[in-house]
Structure formats: structure tokens, C-alpha cells
Amino acid sequence: MINQARKILKSVFGYDDFISLQAQIIENILAQRDTLVIMPTGGGKSLCYQIPALIFPGLTIVVSPLIALMKDQQEQLIQAGVNTVVLNSALSSSEYNANIQKIKNNSARLLYLAPETLLKPNIMALLASARIDCLAIDEAHCISAWGHDFRPEYRQLVKARASFSKAVCIALTATATPRVREDIKTSLGFKGANEFVAGFDRKNLFIEVEPKENPFEQTTRFLANFSDDAGIIYCLTRRQVDDLALALKEEGFSVCPYHAGLSESERSRNQDMFIKDDVRIIVATVAFGMGIDKSNVRFIIHYDLPMNIERYYQEIGRAGRDGVKSACLLLFSYSDIHTLKYFINQKKPEEKKIAEIHLKAMLNFVHTDKCRRIPLLNYFGEKTTRTECGMCDNCLAEAENQQDISLAAKKFLSCVKRTGERFGAVHIIDVLLGSKAKKVLNFRHNRLSTYGIGTEYSKKQWQQLSRQFLNKGLTEHDMEFGGLKLTPKAWEVFKDKEKVFGRLIKASEAKEPTYKLRKKTTYDFDRHLFEILRQKRKEIADNDSVPPYVIFSDKTLIEMAYFFPQTRDTLLNINGVGIVKAEKYEKIFLGLIIEYCKKNQIKERAGHLKPKAAGRTESGAKKRHIIVGEAYNAGKSIDLIKKNFNIKQSTVLSHLYKYLQDGYSINTKPLLSLSKLPDDEQARVLDSFQSLGPELLRPVYDAMDGAVSYDELHLLRLYYTGMK
Ligand code: ADP
Ligand code: ZN
């Protein structure tokens, strides 16, 4: 039967292989064994019951907590040619009756409804007369009071289970700690150990934490990496949401607010615009995101510290569901902890305890100087000690040059000691720099031996150093008062038993977000074609009143703009193109691709490349272009790199271009001096890149009437791309 499942995977959904544990899970369901599935958001849970639903002769009931989510799933299935119905209060009576009819005559394969609808006596009676083969319970953590989203209706589901005793049951969730897992199984009366826990690592998410200094500026700087892409910014309070949304709008961003204080209609309008790609950014409180399946969310910003890892993980999980690389930035400040503590203190004593434990785990994640995936995955019970994911700020910082900062550490730590271990970093730094700030003078800290002993570094440098001392566990925050205290490890440093290695930024350097996402996809796809396809997708979606990603995901369009398929067969090779969709859209999409390829003399690309781990070869070694990029960024001139690696200048340039395309940035300043063109010619070439795009050199070459050599074009393209 698994062969049949595999055929459906390709013909209906357009995918070549099962991912994660899908195959085992489907096999288990087909063998009628109750199954609990724990998989991260975007892990591919839906197919685990959708494919069996197409194999079972009877109906599959899917219980889902939110109407929006049902609608979304239904639309996606209908697009793929699967007869799917929903029952909820939002339907008109004729729609409702038509759906009931489809259930009665067994033409519907799947039925989506909320638990309270399912448990209504008339619905139960209707379903009792139908053949039910599978009961799927989505967001199953809602069953547990230990989860973060308990819904009492879910507790009643055991009744439904009893009345459809022949149906196999599958419960699915993304966020479940071991405690919640047990709860789900017990509540639903699962026997045996049919539990499938997929890896929680969402490898395509770049994770970054930055101290919150000037959050608005940090946000806009981060947003500059995403020109047309969608993302969500989470804030803790409604007021913050309104303020930030307004401020971003004034800066010209396409943005809408979302929180429980808005009217129902306003909320659903804003959410709808986001889903339909009509607005690019949503600023929201935690209320936003559950129940939307939008697969092309490219970034998540946490403007405030989330309350716990579970929530944080769920929120970042809304990015990159289509598997394309996406970025997550968390801005963190100590005052956020106070706000959260205030919230926590309002809770009942038992809940308060749980909330405090959760917050502590969150802080561990924020403070770690190791790979961010270690605390994250450990939280979900996944043991990992891997130290280099290459997709978090700490892993990238590791790769940078580390130097001995023991002396700075000793100065800083002794200043912490002499001021009585009561003050925060700002004050300590003031003392080290010999500031005449009122607070310094009031406490007579200008008389300390550590006053003014740190003037060799700027304030920025000290701030960055002090963060490292905290991250390295030399200091810790007094949870009560927020001041810095020394740890036993600090004394090892004093006694010269331990050296401190870290990073020293330049005096004026502000921390740039580590992640430059521009073009950071595994495929070097054709941006122009992608845009053309994207526009067409939007047109079709608006016509059909469905979200664009329901037609094709971004990933599917990216593959089209990489492989340039020109026949039905090659189109079917693209991820996410099943038979029904191919039939429906091949004329339009193939037409656009063929026309584009003709105009630009592009041939169909053979083969079906699988994305590789960024920056690494199969054996795990760093790729050449990464090494060259790092050498260049470490200050080596292009001339020196040529000599060191024994390669031509053009090879260095193409390595650097590739490095940029992997999402890294380079210093572009030295590049222009290598150009032999006069300034006005350079400007014309750069203008052409601006209007024609940098992907293909040929159009620019033609625009220059062939008067500029390809070597020059390579150089200026690198400059142009690196500037943006
Ligand atoms: P979840 O419900 O776990 O959050 P989904 O079922 O929505 O995840 O799947 C996430 C994304 O992965 C969707 O865009 C889906 O089309 C895609 N996907 C699922 N299974 C596969 C597969 N076998 N191959 C390729 N893509 C898949
Ligand atoms: Zn990492």
C-alpha cells in the first residue's frame, strides 16, 4: 500500500519523496494503528492523513481548532483535485447542505470541522450513518492542560472516538514536551507506542539574537534585506503593535497591525491581505499566526522577548514552511524580563511556577554563546551537542577571528566587583570610561581604582565585550535587581587560570544583523522569471479568491525559475506540481517560461538538483567560495588572495559573487579601484544592472553594445550586488 501512497504523493501533490517520517506514519495509519505524530511546523504533517484519506474507501474526519486553517487546507486540497468539505458556522445554508450531501453520498474524501461542531448531536448522527475510516486530530496539544493552548472542547473528543470505533485515529501536533505527549495519548486512549517524533530542527531557519538597543533602527536595517518578501513582527503589547505598525508605515513599508483589540472584521481583513500577498508585513501580538498556512513567510522578528521557548519556536516556525531559507531575529533587553515577570506574577501560583521555569529556559537560549539550536532542541527533548549549524549567529561568529580579551575581562570584572555587584553594564562601562555621569559621581565611583581604566575601548566596544562576558558565563544577572554579579568562572580569570577569547569589534562598528538574506536560497534562480511567475500567480489567485501559495508555493516558482521546464513532463518534475495542477496551469506557466527562455536564449536545465547544505560540500568541508569570501572579509586584498590560492582574478571574483549569493556580505569599496573603466562608463554599467537585473550578464553586455568586457562586467556586478 505504501507504493500506492507514493504514487499519490507524486500524482496529486507533486512530490518525489516522502520527507521526515511521513512514510512510516502513513504505513502505520494504513495498518489501522492509532498514531501520535510530533513534527515541527512545516514538517509535513498534513500529508500524513491526507494521503491515507485518498486510499481509504470511507471518509476521513479532520478536527482542527480554527476556521481559517480549515479553509486554507480545503483550498489547497481542492486545487490539487481532492474532494474536500468543511462544516462550520461561516458557511451559507446552501453550501452547508451541499457539503452534507457530499458526506452522505460518500463523494467527499476529507471533512474538516472544529471539535464543537463534531460533537453536535445532529452531526454525530449524520456521521454515524457514514463510513468513517480515519479520525485525524490536528493541533492535538490543545487536549492537554500542560500545553500552552489548552481547549476544553478537545477533552470531549474521546466521545467521538468511541462512536467511530472502527476508525483509526491520528493525533498531530508541533509543540509537545514529553509531558504533553503522555497527556494526549492518555486522553485519547491510545495503546502501544505508536508515537513518531520527527526532528525539531528547522534547518532552513536562520536564528539570530541581538541585544535591543535601538529596536526601530534594528528592525528597519533587518527589513532592508527583504525587498518583496513577507514577514511577521511579534510584539508583547497591543500598544507596541500599533506604534510600530504606524512608524513602519510612515517609513513606507507595506504593513498592517493585528491584535485582539482590533475589531473582528479589521483583524480578518488584515490577515486576509497578508495571506493574499497584498500586504507584506504584519505587526502582531501572539494572537496572530495560528491557523494560517502561508508558506512563503520569509522572516520573523521578535521585537520583544517571548514568554517561553515553546511559543518562540512556534512563532519562528511560521517562517519558511516551503523550505526556502528564512530569517528569525530576536531583540532582547533586560527590561523585557521585567515586563514578562509582571505578567507572570498575575498568574495563579501553580501556573506561575510553570511560567517561571519556561522563562528561565528562554533566557538560557538567549544567553548561550554556543549554537542556538542546542538549547532549542534540548528543550523539546532532542539531545544534540552539535556545535556548528552554520545557520545561527553564534555559529557564524565562531567562524570569525577570536582574540585574547583576558585583560579587558579583568578590567570589567574588577569594576563589577568594586561597585558592589549591584549595577548593570551601562554603569560599569561609564565607570571604566571615566564618565562624569551623575550616577557615577553620586555613588563616588569616580574614586574607585577602576575609574577610567578602560579608555582604550569605545562605549560600543565595551558593550559588545560585556555581552560576551555575560554569554561566556563570567557574569550573570541578578534575577532580583538586574545588576551584574561575578560567577566562580570570573575568579578563574582573575587568577589567570583561564584565558578569555572573544571578538573585538572596531571602535565605530555597530553590530550588523549577521544575516543578509538577499538571494539566500539554495538555488541560483532567475529573479526576473520568478517575478513574472509570481505576478501571474497573484493574478490567478485573486481571480479565484484564494491565497497565492495555494496555487504554487514560492519554492515551486523558484524551481521553475531555475530549471526552466518547457514541457508537461519536466513541469511535473518540479516540486509541488501534481497532475491536476499541471493540467490546470501548464498552459499559462509553461507559456511564460517558454517565452522568457526564447527572449533570453535560455535552455531548459536538465536534472533535478536537490538543495545541498549551504556552504558545505558533501563531506562537510567548507566550500572554496566560502573560504575565499572569509579571507576577503578578513581584510586580504584580491591580489593577495590570487597569490595565496594561486587563482586568476576572475576566479576570485566569481567566488566572491557566489559568496554573496549565499547570503553573506562583503566590503565593496576596494572593488571599484580594480575597474579600468572611466567613471561615467562605470555608472552606465551599474545603471544597466539596476534596470536589467544582475542575474544575466548578456543583456547588460548587449546594452553596452558589447563595448565592455565580461571581466569588467563580472567585477561591476560584484560591486553592484554587494552594495545592495
Ligand atoms: P505542517 O502541517 O507540519 O506544519 P504542512 O503539512 O503544512 O506542515 O507542510 C509544510 C510544507 O511542506 C507544505 O508546503 C507542503 O506542501 C510541504 N511538503 C509536505 N510534504 C512534502 C514532501 N513529501 N515533499 C516536499 N514537500 C512537502
Ligand atoms: Zn548554530
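This is a predicted model: local features need pLDDT of at least 70, side-chain atom pairs count only at pLDDT 80 or more; totals for chains, interfaces and linings use all residues.
Biologist: Which residues come nearest to ligand 1?

Modeller: Of the 16 residues around ligand 1, the nearest are Y15, G42, K45, S46 and R321. Oxygen atoms of ligand 1 lie 2.8 Å from a polar side-chain atom of K45 and 2.8 Å from an N or O atom in the side chain of R321, while a polar backbone atom of G44 is 3.1 Å from an oxygen atom of the ligand. The protein covers 82% of the 560 Å² of accessible area that ligand 1 has on its own.

Biologist: How many salt bridges are there by this rule, and what does the one between D393 and R372 tie together?

Modeller: Side chains of opposite charge can pair when their charged atoms come close. The count here comes to 35 salt bridges, and one of them joins the side chains of D393 and R372 at 2.8 Å, N to O. Because D393 lies in helix α18 and R372 in the loop between α16 and α17, this pair ties together parts that are 21 residues apart in sequence. Both D393 and R372 are buried.

Biologist: In the salt bridge of K411 and E456, is K411 buried or exposed?

Modeller: The side chains of K411 and E456 meet at 2.6 Å, N to O; K411 counts as buried at 18% relative accessibility, whereas E456, at 40%, counts as partly exposed.

Biologist: What does the side chain of E310 make a polar contact with?

Modeller: E310, which lies in helix α14, is buried yet has no salt bridge, and R311, the nearest side chain of opposite charge, is 9.2 Å away. The side chain of E310 makes a polar contact with that of Y379, at 3.4 Å.

Definitions and conventions
Residues are numbered from 1 along each chain as its sequence is written. Chains are lettered from A and ligands numbered from 1 in the order in which they are written. Side-chain values use heavy atoms; hydrogens and water are left out. A residue is near a molecule or strand if one of its heavy atoms lies within 4 Å of it. A polar contact is a pair of N or O atoms within 3.5 Å; within protein, one must be able to donate a hydrogen and the other to accept it, and residues adjacent in sequence count only if both atoms are side-chain atoms. Accessible areas come from the Shrake-Rupley method with a 1.4 Å probe; for residues, only the protein chains shown count as cover. Helices (H or I, at least four residues) and strands (E, at least two) are DSSP runs, numbered from the N terminus. Buried means under 20% relative accessible area, exposed over 50%, partly exposed in between (1.4 Å probe, protein chains only). Lys and Arg count as positive and Asp and Glu as negative; His and the chain ends are not counted. A salt bridge is a side-chain nitrogen of Lys or Arg within 4 Å of a carboxyl oxygen of Asp or Glu.
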